[in-house]
Amino acid sequence: MSSQVAFRSVKEIPGVDYYTAGRRTCAGCGPALGYRLISKAAGPNTIFIGPTGCMYVANAHQFLTSPYSVPWHHTQLGGGGAAAIGVASALRTLMLKGKRKLEDINVVVMGGDGAMADIGFSGLSMGLSYDYQRLLYVVYDNEAYMNTGVQASSTTPWGATTTFTPAGKVKPIGNTRLKKNMALVAAAHPKVKYVATATLWPPLDLMNKVQRALNSGGPSLIHVLLPCPKGWFSSPADTVNLSRLAIETGMWALWEQIEGHFKLNYRPKPRKHVREYLTLQGRFSHLKEEDMDKLDKMIEEEWVFWEESAKVGRLVVPY
Amino acid sequence: MSAIKPMPPITIEKPKAKVWNGARAIAEAVKIADVDVIAAYPIRPYTGIMNALASMIANGEFTADIIVADSEHSQFEIVKHASAVGARVFAGSSGVGLAFAAEAIIVTALSQLPVVAAIGTRALDDPGNFGMEWSDALMFRDFGWLISWAKTVQEASDMTLVAYRVAEDRRVLLPHFIALDGAAITHVATPVVPVTKEQATNFLPPYRPPYKLDPAEGPITKAQHIAPSLIGPEQRKAVDVATKRAKQVIVEAWKDFAKYTGREYPPFIETTGMEDAEFALVSMGAYMKDIELVADRLRKKGMKIGTVRLRYVRPFPAEELLKVLDGVKAAGVIEFGYSFGSPFGTGSLYHEVATTLYEAGSKPELLDFLFLGGREPTVEHFTQVAEKVMESAHKKPQKKAYWLTLRGEDI
């Protein structure tokens, strides 16, 4: 296992898509872009597992079409972790018993924040504790339950309004819980081979992380922040821009942990004020200047730990 | 002229019986079925099956991946998806564990994946009740799973093998529960004649799903989001047709099972003394042995009473049941499952039998006898039941359902 780079430039991205037409995602859908990049990086020998979520409801359906040109199977909202273990186990056992040709097959779960950070949390944790190879859990995080109409999940950021955490006269902030850091949770599993965070920008970072995860020799997790115009009340044209701003304001830290070694992938220098990220999104429109400053302060404090972790090469838990 | 050599006498080797409890016997059948993926999560009384399987695998008796799951929900998701890839799978549970897994259990049938699972039947909580009740297994009567009910440890073991054969048949492709009365089957050791490897190979072909979740088979999208306007009712109908087709496949499978092992079972309904019976006791499961004993004793006293045992709840053998109950004056359903607030306060099995008898030319007086909350019944209770049934033929009963083993007076 190394920090190998599979795609050095945009030119090296394969032209073929395994997530193609036949979907009905929103304009500017971050998870759809994520799906496209991740499936390109994983390649044709991949099985996708899709727990219930917006990427379940928004894909296929129309005229019984399917956007997946690799095998894809739905699993229940809380079943992502277990379903992947079932698939990985079946493949390995059938190969071991000579019932199937020996081959490297990727099993990738595209689980939303609700599926992975909430209802399917226990199954995900079980999945990360096994030693199946080429098994990748992608937490595609658009920070709320989007297909049911934008309800808060465990990864909804502080200050965001959702239909379950609206900003009102008595509760002016909206969501007052802090975002659950699923990559840190994954990193807490003993001997987990590869854990990373990513977003749509830079795209090669996301794709190379998928490659590294699948070649890591064990179960892996990538927590990917994917902007959602519908639930973030942002312009569809801003999806990739928001990914970039999340990085540059420090709201989202890009890091990876390879066999226990921590690596910070990007340092925003100078770090932009989080206001630039928040003001593009309607879900933060109720926040006052002092709230945004408070959030910026929280980011600053958190970054001390990321820098410290980078210095010692091991995770220092920031909370 | 050379002397004709006498032929050596044909000897059929009598298979040696082992003394196994139900849990072990099921595990041995799973082993002989060459199962690939097993998912385990503990809950009494089914756990012994997984304990036995785990030690067999650990000792190299057969190759399978046994996954220690984090919950029953995961357990059933694991086997569901392993089955979709093309593995032969096994799971199981009891009581509220099954309720926790309900979501995964339901989608397995609607995806038409031939998962086989055992239920060590147990009362549902609260309070924590380890007694035997049928309410856990009967909860799943409406979701497209085939459900068979074993009377003996031997039958439980044989049913497991037959379950794979029926579930994986291309005409069926439905998951299959084998219900074992908790403790009465799971924990009771009796002599069992195991199915040999050779018999199993002849009887049970390898699992070959029509569509595999495997890149080598090309892209398939399974269980995608579908608008009801597109295939809603048609998909339900497909599952229903499969359950109906299962009836024929079950008959064939048990016939073949007898051919290869020499053990014959009636496919759907087992009766004793029903040829000229005026009274019938209808039930299923392990306590059937006691019920048969009671009926036999009464028969020796000249009473025309017989017993009817259902071996399958799904598909429900309605035609077969109608036939055996034809001409009976009164029948009593003996059961361990209930539906609170149900019509006339009757149990789950009663509803099935009563629905069937609605189609009968002459309907017998039908009574329900409930053993609820897991308290153990005795032969005396079943004798009381039989007497009540016989009495009802000439004296109109005051109510439909009677609770037994209850402190206080119900019967």
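**Salt bridges and the A–B interface in a predicted model**

The structure holds 53 salt bridges over all chains. A salt bridge is a side-chain nitrogen of Lys or Arg within 4 Å of a carboxyl oxygen of Asp or Glu. Side chains of opposite charge can pair when their charged atoms come close. This is a predicted model, in which local features need pLDDT of at least 70 and side-chain atom pairs count only at pLDDT 80 or more, while totals for chains, interfaces and linings use all residues. Residues are numbered from 1 along each chain as its sequence is written, chains are lettered from A and ligands numbered from 1 in the order in which they are written, and side-chain values use heavy atoms, with hydrogens and water left out.

Within chain A, A:Lys179 forms a salt bridge with A:Glu143, and their closest N and O atoms are 2.8 Å apart. Both A:Lys179 and A:Glu143 lie in the loop between strand S4 (135-141) and helix H6 (182-187) of chain A, so the pair ties together parts that are 36 residues apart in sequence. Helices (H or I, at least four residues) and strands (E, at least two) are DSSP runs, numbered from the N terminus. A:Glu143 is buried, with a relative accessible area of 4%. Buried means under 20% relative accessible area, exposed over 50%, and partly exposed in between (1.4 Å probe, protein chains only).

The loop between S4 and H6 of chain A also holds A:Ser154. A:Ser154 counts as buried, at 6% relative accessibility. Its contacts (heavy atoms within 4.5 Å), leaving aside neighbours within four places in sequence, include A:Asp118 and A:Lys179. The side chains of A:Ser154 and A:Asp118 make a polar contact at 2.3 Å. A polar contact is a pair of N or O atoms within 3.5 Å; within protein, one must be able to donate a hydrogen and the other to accept it, and residues adjacent in sequence count only if both atoms are side-chain atoms.

In chain B, B:Glu155 forms a salt bridge with B:Arg309, with 2.9 Å between the closest N and O atoms. This pair links distant parts of the chain: B:Glu155 is in helix H7 (residues 153-168), B:Arg309 in strand S12 (residues 305-310), and they are 154 residues apart. B:Glu155 and B:Arg309 are both buried. A further salt bridge joins B:Glu320 and B:Lys247 (3.0 Å, N to O). B:Glu320 lies in helix H11 (residues 318-325) and B:Lys247 in helix H9 (residues 228-261) of chain B, so the pair ties together parts 73 residues apart in sequence. B:Glu320 is partly exposed, at 26% relative accessible area. B:Lys247 counts as buried, at 16%.

Salt bridges also occur between the chains. The count between chain A and chain B is 5. In one of them, B:Asp36 pairs with A:Lys97, the closest N and O atoms being 2.8 Å apart. H3(A) gives the most to the side of chain A that touches chain B, with 12 residues.

Overall, 47 residues of chain A are in contact with 42 residues of chain B. The area buried between them is about 3400 Å², of which carbon and sulfur atoms give 62%. Buried area is the accessible area (1.4 Å probe) that two parts lose on being put together, summed over both.
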